[in-house]
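This briefing covers strand pairing, helix packing and a few individual residues. The sequence and structure come first.

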Amino acid sequence: MADEPIIDVRVQAGPFDAAGEAKRLAALADVGAVVTFTGICRSDGGRLKGLELEHYPGMAEAEIARVAAEAARRWPIAGAVAIHRYGVIAAGDDIVLVVTASPHRAAAFAAAEFLMDWLKTRAPFWKREIFADGGFGDWVEARAADDHAADRWRLDRAAE
């Protein structure tokens with residue numbers, strides 16, 4: 001791909017338009033595949049009212065942009081959008097959006113998975129549960145399964 005990929009990273013309190021973001025990337029030159037992933041705050045069977053998410057302003061955006069640029073180096077993508085919300089997110093509301101566009105589906109899927117695995121485990125965000133009764137839980141740690149999923153993308157594992 002001759003042109004530099006479009007990389008758009010946002011950290012915001014308000015909702016996002018997943019369909020609009022996908023259409024925007026689909027309109028780029030030579031795009032044959034657009035992959036979208038939307039992470040939604042789950043209620044955990046009614047146990048949770050929502051989540052409180054905090055981030056390190058400036059650092060969060062810079063780190064996400066760095067990882068999106070790494071995705072563009074690894075796969076021939078035309079563009080990537082990564083939007084992560086912060087603040088109080090109610091159960092059922094969107095938390096995160098990753099959209100990737102490429103001439104071919106394999107690159108779009110791989111780049112989206114890479115970005116989401118990194119966002120889930122390494123992005124500078126902190127979250128804690130808000131219980132159905134309004135009380136707060138502890139700050140949540142990354143799960144081992146999420147760490148394992150992100151591990152497969154390490155460059156030093158390529159030789160294994």
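Strand 1 and strand 4 (residues 79-85) run parallel and are joined by 7 bridges; two strands count as paired if DSSP finds at least two bridges between them. Helices (H or I, at least four residues) and strands (E, at least two) are DSSP runs numbered from the N terminus. The model is predicted: local features need pLDDT of at least 70, side-chain atom pairs count only at pLDDT 80 or more, and totals for chains, interfaces and linings use all residues. Residues are numbered from 1 along each chain as its sequence is written, and side-chain values use heavy atoms, with hydrogens and water left out.

- Val11 has His84 in strand 4 as its bridge partner.
- An open sheet of 4 strands has the order 1-4-6-2, and its pairing is mixed.
- Its edges are strand 1 (6-12) and strand 2 (33-40), each of which pairs on one side only.
- From one strand to the next, the twist averages 5 degrees (axes are lines fitted to C-alpha atoms, for helices over the stretch in contact; angles run from 0 to 180 degrees between N-to-C directions).

**Helices on the mixed sheet**
- Helix 2 lies across strand 1 and strand 4, at about 155 degrees to strand 1.
- Helix 3 (residues 105-121) packs on the sheet and touches strand 2, strand 4 and strand 6 (94-102); the direction of helix 3 makes about 150 degrees with that of strand 6.

- An open sheet of 4 strands with antiparallel pairing has the order 5-3-7-8.
- Strand 5 (87-90) and strand 8 (136-139) are the edge strands, each pairing on one side only.
- Neighbouring strands of this sheet are turned by 25 degrees against each other on average, direction ignored.
- Strand 3 (residues 48-55) pairs with strand 5 in the antiparallel sense over 4 bridges, and Leu51 stands opposite Ile89 in strand 5.

**His55**
- His55 is found in strand 3 and is buried, with a relative accessible area of 17% (buried means under 20%, exposed over 50%, partly exposed in between; 1.4 Å probe, protein chains only).
- Leaving aside neighbours within four places in sequence, His55 is in contact (heavy atoms within 4.5 Å) with Val11, Ala60, Glu61, Tyr86, Pro124, Phe125 and Trp126.

**Met59**
- Met59 lies in helix 2 (residues 59-74).
- Met59 counts as partly exposed because its relative accessibility is 41%.
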